[in-house]
Amino acid sequence: MTALIQMGKQAKQAAFVLAQLSQQEKNNVLNLIAEKLEAQADDILAANAQDVAAAKQNGLSEALIDRLLLTEQRLKAIAGDVRHVVSLADPVGKIIDGGTLDSGLKIERVRVPLGVVGTIYEARPNVTIDTASLCLKTGNAVILRGGKETRHSNTILVEVIQQALQQAGLPKYAVQAITDPDRELVMQLLKLDAYVDMIIPRGGAKLHAFCKQHATIPVIIGGVGVCHIFVEQSADLPRALAVIDNAKTQRPSTCNSVETLLVQRSIAADFLPRLAAYFNDKRVKFHADPTALAILQQAGATVSPVQESELRQEWGSPDLNVVIVQDIEQAIAHIAEYGTQHSEAILTASQQLARQFVNQVDAAAVYVNASTRFTDGGQFGLGAEVAVSTQKLHARGPMGLEALTAYKWVGSGDYLIRT
């Protein structure tokens, strides 16, 4: 615990320095990070290759290995995300609202950094850069704890970040990483409330539940995406197939990929054979309720009966649940029972039903005639996201720059007293 306390103290001191920086100073260090990511690409990819080789040897799933893998193209995209954060307006110091009260007191709400952010994540080295860049842009220090699968990758990525910080004349402890795989350190981080102001877990449901149960620090819950698409009977069926394909197969390992397809009973006999034919060469395996199972089997699809537990899990793979519902009310009820308040979509030609779906579905992001894959900080114009929050306090949905700030009330008077 002593080592972690020291890390917390260093982060707190660094956060004080960061909070005083101008936008130009913060953008300077971010540009240096992007440059160094590209300049040291060979070393970064070599370290990542060690992690990937170990992951394969340890039998990790294809989905986890995909999340872990860095390629030259992905690394360039990560550097590009850092530069995109540079281009975004700095929220720190922004006056949210205010005015002059009857007492003569001028009052304003001003955005300020959170302080020190702790992030716990699994096999995602890109999160190291995404989180660090967003935290630095908003004047926050960060303590990173990646999974043991990313140990080599995270070590070199944090070294690159710290090199940039020092070159910019800033404390390198603004970004630190816990690279020791000892799980006890996660427990200690969750209780480091004297120094850490917020915990952001990124990973599966077990990680979020663990953090929520043990933390003495506010925790942002989210990132677990059991997402649905409801194909309503008025939907343009040929175009619906392309949306479903994008939501399921573009990158199945992500939390915004669709896991369950809800199809209105009145169109099931027509739509499901089209679905089977469309996905015939896309390696998608269907898990279907009894009605959908019979139709998909007759259409020659790879399909098995869906289990109750499968309706509540993230597949992280090219697997897709198919459930027949009677109407929009049953679709909304199914989402309420099995969804994780992440991303939900309806495909429909009815504006009335679209409004009903948007109003009644409780999720961080709700889509009409669009793929769930858009739930992403970059896609929303927020820059690289630090997480997707599915809770309702402080932040919801993709968390960009503003979600990493709090605010303070600033009151000004002319030697004013309260009467």
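Residues are numbered from 1 along each chain as its sequence is written, and side-chain values use heavy atoms, with hydrogens and water left out. Because the model is predicted, local features need pLDDT of at least 70 and side-chain atom pairs count only at pLDDT 80 or more, while totals for chains, interfaces and linings use all residues.

Biologist: What is the radius of gyration of the protein?

Modeller: The protein has 14 helices and 16 strands, where helices (H or I, at least four residues) and strands (E, at least two) are DSSP runs numbered from the N terminus. The globule rule, 2.2 Å times the number of residues to the power 0.38, is set beside a radius taken over C-alpha atoms. For 419 residues the rule gives 22 Å, and the protein is as compact as a globular protein of that length because its own radius of gyration is close to this, at 23 Å.

Biologist: Which residues touch the most other members of the largest nonpolar core?

Modeller: A nonpolar core is a set of buried Ala, Val, Leu, Ile, Met, Phe, Trp, Tyr and Cys residues joined through side-chain atoms within 4.5 Å, and buried means under 20% relative accessible area, exposed over 50% and partly exposed in between, with a 1.4 Å probe and protein chains only. In soluble globular proteins, nonpolar side chains tend to be buried together. The largest core here holds 74 residues, and those that touch the most other members are Leu37, Leu189 and Ile200.

Biologist: How far apart are the end C-alpha atoms of helix H2?

Modeller: In H2, the buried residues include Val29, Leu30, Ile33 and Leu37, and the buried residues of this helix pack against H3, H5, H6 and H7. The expected span of a helix is 1.5 Å times one less than its number of residues. For the 17 residues of H2 this should be 24 Å, which agrees with the distance between its end C-alpha atoms, 24 Å.

Biologist: Which residue of strand E8 is the bridge partner of Phe230?

Modeller: Strand E7 is largely enclosed by the rest of the structure, because five of its five residues are buried, with Cys227, Ile229 and Val231 on one side and His228 and Phe230 on the other. Two strands pair if DSSP finds at least two bridges between them, and E7 pairs in the parallel sense with E8 over five bridges, while four bridges join E7 to the parallel strand E12. In E12 the bridge partner of Phe230 is Ile346, and in E8 the partner is Leu262.

Biologist: Is Asn369 buried or partly exposed, and what is its relative accessible area?

Modeller: Most residues other than glycine have a negative phi. Asn369, however, has a positive phi of about 55°, and its place is in the loop between strands E13 and E14. Asn369 counts as partly exposed, because its relative accessible area is 43%.

Biologist: Where is His394 placed?

Modeller: His394 also has a positive phi, near 70°, in a residue other than glycine. At 44% relative accessibility, His394 counts as partly exposed. Its place is in the loop between E14 and strand E15.

Note on methods
Contact = heavy atoms within 4.5 Å.
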